[in-house]
Amino acid sequence: MSHPIASYVDSNNLGAWGIYLEQIDRVTPYLGSLSRWVETLKRPKRSLIVDVPIELDNGTIAHYEGYRVHHNLSRGPGKGGIRYHPDVTLSEVMALSAWMSIKTAVVNVPFGGAKGGIRVDPKKLSQSELERMTRRFTSEINMMIGPQKDIPAPDVNTNEQIMAWMMDTYCVNQGYTTSGVVTGKPISLGGSLGRRDATGRGVFVVAREAYRQIGLDLPGARVAVQGLGNVGGEAARLFCEAGAKLVAVQDHSATLYEPNGIDINALLKHVAIVHEIKGFAGEVIPNEQFWTAPCDILIPAALESQINSSNAGGIKAKLLVEGANGPTTPEADDILKDMGVVVVPDVIANAGGVTVSYFEWVQDFSSFFWTEEEINQRLDKLMIEAFQGIGEVAQRHQVTLRTATFIVGCERILKARQMRGIYP
Ligand code: NAD
């Protein structure tokens, strides 16, 4: 199997881009005549690396490396978040942008895939340093973004405030206010009700459907969640509201295990104050034991490649729903398949965020805003229909939900690609 951009891939450590290429190779045999175009998916359309210099509060100059990648724009403008993390690399951003292409196609919203990031530990910056870095980065990627071109959104370590600075910087440079350049904005700047919780809500809705399909109901189900941030926190809250028990939770600071169920509201209050789960009452277990904790539903909602060949075999869950992007390596996927664990892949499970981002963009364009109830209803309907469609494809081809989701996403992108043809 040859990977055309092999220079980005280390065979001992596939990394996120290597994992993505492997996923495309696995789905190619199901694409029929569209496989002629599959190479399109293995190459980002364009990638930009920028230097982001800022003056620190102590008067010294710091330089950070930033990225924005347009993976595929066949179906519409680029869409994807901005990540601030010390481990961000170009190849990681390429993979995340590619997963956005698949994701927007799977939920059938008229966007392509994009992603961006800065290689930085934002916790080490003051608020004013963070603002200067965000504004400089926005200026540096200015030629790639715009409401009709590419619309950034929050991702790991970025939030509404950062989106507000990005929007302001873009608009000041344009000379007029256009709120549709970013999504995940504050409500006061044209953000959408329900956006903040949308990804976690989508994870929950899809997990509930998948659990039903294996003949089980949520009340009493034992749930384990890795990552109690924007995605994991809201998903965990909704599971508990539906009568499930949160039995294990892990973040960057600690792992908690409580077979009788953790009080999610108290835990979320604790995290809102100290920004980590460490210090919350309950049994603390070694981090690696999180993966073997007895549970029915496992939700990885932190970072990539968390479930790999070294820990997949110990997983007890019947259902794994990927809140994070790329949390399961292809080897782990094979192990889980052999064990009979149902895996709902990221490209559908966490698509709630981009779906409500689409609603936000539509509301900004029409300058007419919907109620939270309308948004949640539309989100639930769209996610359930998309998930049911994937289930039918999985049945028809007798493949896993991941392969079925990739079949749906790749077909939509490549049909658009084929209809548009190659210019000149
Ligand atoms: P976040 O920054 O709000 O939360 C991340 C969580 O992961 C935190 O609880 C953090 O403590 C935990 N974490 C970090 N490193 C960890 C480690 N080594 N071990 C265990 N836990 C660790 O981020 P988020 O927005 O919730 O995003 C989480 C994942 O979901 C990412 O993969 C992101 O790409 C994906 N995602 C997010 C959205 C969104 O709308 N926010 C949409 C789609 C996908």
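Predicted model: local features only at pLDDT ≥ 70, side-chain atom pairs only at ≥ 80, totals over all residues.
Biologist: Let's start with proline 152 in strand E5 (residues 150-154). Why is proline 152 called buried?

Modeller: Buried means under 20% relative accessible area. Proline 152 has a relative accessible area of 0%, so it is buried. Its contacts include Arg68, Lys79, Gly80, Ile82 and Ile145, along with Met163, Met166, Val181, Val182 and Thr183.

Biologist: How far apart are proline 152 and serine 357, in sequence and in space?

Modeller: In sequence they are 205 residues apart, while in space 9.6 Å separates them, C-alpha to C-alpha.

Biologist: Now to arginine 402, which sits in helix H12 (residues 401-420). How do you know whether arginine 402 is buried or exposed?

Modeller: The cut-off for buried is under 20% relative accessible area. Arginine 402 comes out at 6%, so we call it buried.

Biologist: And what makes the link between the side chains of arginine 402 and aspartate 333 a polar contact?

Modeller: A polar contact needs a pair of N or O atoms within 3.5 Å, with one able to donate a hydrogen and the other to accept it. The polar contact joining these two side chains is 2.5 Å, so the distance falls within that limit. Asp333 is also one of the residues that arginine 402 touches, together with Gln23, Glu322, Thr328, Val343, Pro345 and Asp346.

Biologist: Let's move to helix H6 (residues 230-241). What is its span, and what is expected?

Modeller: Its twelve residues reach 17 Å from the first C-alpha to the last, close to the 16 Å expected at 1.5 Å a residue. Just after H6, glycine 243 takes a positive phi of about 95°.

Biologist: Which residues of H6 are buried, and what covers them?

Modeller: The buried ones are Val231, Gly232, Gly233, Glu234, Ala235, Ala236, Leu238 and Phe239. Their cover includes helices H5 (195-213) and H7 (264-274), as well as strands E6 (222-226), E7 (245-250) and E10 (297-300).

Biologist: At what angle do the axes of H6 and H7 cross, and what is that arrangement called?

Modeller: The axes come within 10 Å and cross at roughly 160°. Angles over 145 degrees count as roughly antiparallel, so H6 is roughly antiparallel to H7. The crossing is left-handed.

Biologist: Which residues meet where H6 and H7 touch?

Modeller: From H6 come Gly233, Ala236, Arg237 and Cys240, and they meet Ile264, Asn265 and Leu268 of H7. Gly233 and Ala236 are also among the buried residues of H6.

How values were computed. Residues numbered from 1 in each chain as written. Heavy atoms only, no water. Helix = DSSP H or I, 4+ residues; strand = E, 2+ residues; numbered from the N terminus. Expected span 1.5 Å × (residues − 1). Buried < 20%, exposed > 50% of the residue type's maximum accessible area, 1.4 Å probe, protein only. Contact = heavy atoms within 4.5 Å. Axes fitted to C-alpha atoms, helices over the stretch in contact; angles between N-to-C directions. Parallel < 35°, antiparallel > 145°, perpendicular 65-115°, else oblique. Left-handed = near helix turned anticlockwise from the far one by under 90°. Lists of a residue's contacts leave out its neighbours within four places in sequence.
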